[in-house]
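Subject: Structure handover and notes

Dear colleague,

I am passing this structure on to you, and my notes on it follow below. Please keep the sequence and the 3D view open while you read them.

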Amino acid sequence: MGMEGRQSVVEISKTMPPPNPLTQLQTRFKELETGFKAWLAKQSLPVEATVVTATSAVQGAAIGAFMGTLTSDISSPFPAPPPQAGLNPQAMASLKQAQALTGGPLVQARNFAVMTGVNAGISCVMKRIRGVEDVQTSMVAAFGSGAMFSLVSGMGGPNQAANAVTSGLFFALVQGGLFQLGQKFSQPPAEDIFYARTRSMLTNLGLQNYEKNFKKGLLTDSTLPLLTDSALRDVKVPPGPRLLILDHIQRDPELMKARR
C-alpha cells in the first residue's frame with residue numbers, strides 16, 4: 001500500500017469512534033481468565049484441584065450469602081421446634097429441609113460453598129484423569145456435591161446416608177439433563193467454523209458488524225489472502241472499513257505468505 005493509502009488509513013482510524021470501554025474490559029477479563037487457566041494446567045493435580053475447589057467455594061459462598069439475605073425473612077416461619085414438640089422423624093426431616101433451603105446468609109453461604117466447591121473439585125480431578133469433560137464427569141461431580149449438600153445442610157434427617165445418596169442421585173440426573181441440553185444449544189452453527197479467523201480480524205478492528213457482509217458474500221477464512229477492494233465493495237463494505245481490512249491483511253505475515 002502506498003504512502004497516500006497509509007495516510008488514508010491513519011486518518012480513518014482517527015475519525016473512528018473510540019473503542020467501547022465495556023468491550024475492552026470484557027477482553028481484558030478473558031485474557032486474565034485464559035492466563036489463569038493456562039497457569040493451572042501446568043500445575044500438579046493436587047494443586048489444581050485445591051485452587052479450583054477453593055475459588056469455586058468462595059464464589060458459591062458469595063452467591064449463597066446473597067440468596068440468604070433475600071430469603072432471611074422467609075426462614076422466620078420455620079423456627080426450631082422445642083424437644084417436647086414430639087414431631088415424628090419424617091416431620092423433623094421435612095422441617096430441616098425447609099430450614100436448609102431458607103436459612104440466613106451464613107447458612108446459605110456455607111451450603112453453597114460446599115456444593116459448588118465439591119462440584120468443581122471433582123470435575124477438575126476427573127477431567128485431569130480422564131482427559132475429557134463429558135456428561136459422565138458432570139454427573140459424578142453433581143452426585144458428590146448433592147450428597148455433601150445434604151450432609152452439611154442437615155437435610156438428611158435420621159437417615160443421613162440414605163438421604164445423601166438420594167440427593168446425590170437427584171443432583172446427578174438434573175445436571176446430566178442440563179449438560180445434554182447445554183451441549184445441544186451451545187454448539188455454533190456449522191457454517192461459523194469457516195469464519196473463525198474472519199470474525200477475529202473484524203473484532204480486533206472494531207468492524208464486527210460487517211461479519212454478515214462476509215457471510216453473505218461467502219468470504220470465508222480461506223478467501224482472506226485473496227481479498228481485494230472490489231470484492232469487499234461487492235458485499236457492500238464501506239470505503240473506510242475496506243481500507244482497514246486490506247491494511248490489516250497486508251500487515252499479517254501469514255496471510256501475505258498464503259497470498260504468494
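A nonpolar core is a set of buried Ala, Val, Leu, Ile, Met, Phe, Trp, Tyr and Cys residues joined through side-chain atoms within 4.5 Å, where buried means under 20% relative accessible area, exposed means over 50%, and partly exposed lies in between (1.4 Å probe, protein chains only). This is a predicted model, in which local features need pLDDT of at least 70 and side-chain atom pairs count only at pLDDT 80 or more, while totals for chains, interfaces and linings use all residues. Residues are numbered from 1 along each chain as its sequence is written, and side-chain values use heavy atoms, with hydrogens and water left out.

The cores

The largest nonpolar core has 15 residues, of which M201, F214, L227, L232 and I245 touch the most other members. Helices α8 (196-204) and α11 (239-251) each supply at least two residues of this core, and α11 gives the largest share, four residues; helices here are DSSP runs (H or I, at least four residues), numbered from the N terminus. If residues up to four places away in sequence are not counted, I245 touches M201, L202, L205, L207, F214, L227, L232 and V237, a contact being heavy atoms within 4.5 Å. There is also a second, separate core of five residues, which includes L40, A49, V52 and C124.

The aromatic rings

Rings of Phe, Tyr and Trp (its six-membered ring) pair if their centres lie within 6.5 Å, and planes under 30 degrees apart count as stacked, over 60 as edge-to-face and the rest as tilted. By this rule there are three aromatic pairs. The rings of F36 and W39 have centres 6.1 Å apart and planes at 25°, so this pair is stacked. Both residues belong to helix α2 (residues 21-41), where F36 and W39 are three residues apart and thus separated by about one helical turn. F36 is partly exposed, at 39% relative accessible area, and W39 is partly exposed too, at 41%. The rings of F170 and F171, by contrast, have centres 6.3 Å apart and planes at 75°, so that pair is edge-to-face. F170 is exposed, at 55%, whereas F171 is partly exposed, at 23%, and ring pairs link F149, F170 and F171 into a cluster.

A buried serine

S138 lies in helix α6 (residues 135-153) and counts as buried, at 10% relative accessibility. Apart from its neighbours within four places in sequence, S138 is in contact with Q175 and F179.

Best wishes
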